[in-house]
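Colleague: I would like to learn how to read a protein model. Could you walk me through this one?

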Amino acid sequence: MFDIESCVCFINSKTSKKMANMFNERLIPLGVTRVQWIAMYYLLKYGDLSQKELGEKMDIKESTVARLLDRMEEDGLIIRTQASEDRRVKYIKLTHKGRERIEELLPEGQKYEQFFFNGDYRRGNWSI
């Protein structure tokens, strides 16, 4: 009989969700969510992106990207501009505040990666 608890796909999915939630819990007290951090990371790495391009990089729906960007725009982290070639296309750009914020927060991603790479999670050391 199939046992979902020993299924690699299920275990991987469950583990990924736990890891994502842990990172989110780490970032919230710092004033951003994990998803906002990821959006700012891609904008810093690739420069201005269309809403569609950002959604593709983040692997989320355009409607979800729109809500995310609404909040980030309210917080002064990004600005949206219309493309001159197609008014339906919006480009996303980090503001000075957004650029400073993600540069401050990039080390959190590095700490988190090291936390798992070094095996600290196995020792029950959940503080990063």
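**Reading the fold**

Modeller: From the N terminus on, the protein chain runs α-α-β-α-α-β-β-α. Helices (H or I, at least four residues) and strands (E, at least two) are DSSP runs, numbered from the N terminus. This is a predicted model, where local features need pLDDT of at least 70, side-chain atom pairs count only at pLDDT 80 or more, and totals for chains, interfaces and linings use all residues. Residues are numbered from 1 along each chain as its sequence is written, and side-chain values use heavy atoms, with hydrogens and water left out.

Colleague: How many helices and strands are there in the protein chain?

Modeller: The protein chain has five helices and three strands. Its C-alpha trace spans about 55 × 40 × 20 Å along the principal axes.

Colleague: What share of the residues in the protein chain is buried?

Modeller: Buried means under 20% relative accessible area, with a 1.4 Å probe and protein chains only. Of the 128 residues in the protein chain, 30% are buried.

Colleague: Which residues are buried in α2?

Modeller: First, the general idea: an α-helix has 3.6 residues a turn, so residues three or four places apart point the same way. In α2, the buried residues are Q36, W37, A39, M40, Y42 and L43.

Colleague: How far does helix α2 reach from its first C-alpha to its last?

Modeller: The expected span is 1.5 Å times one less than the number of residues. Helix α2 (residues 34–46) has 13 residues and reaches 18 Å, close to the 18 Å expected. Just after α2, G47 takes a positive phi of about 80°.

How values were computed
Buried < 20%, exposed > 50% of the residue type's maximum accessible area, 1.4 Å probe, protein only.
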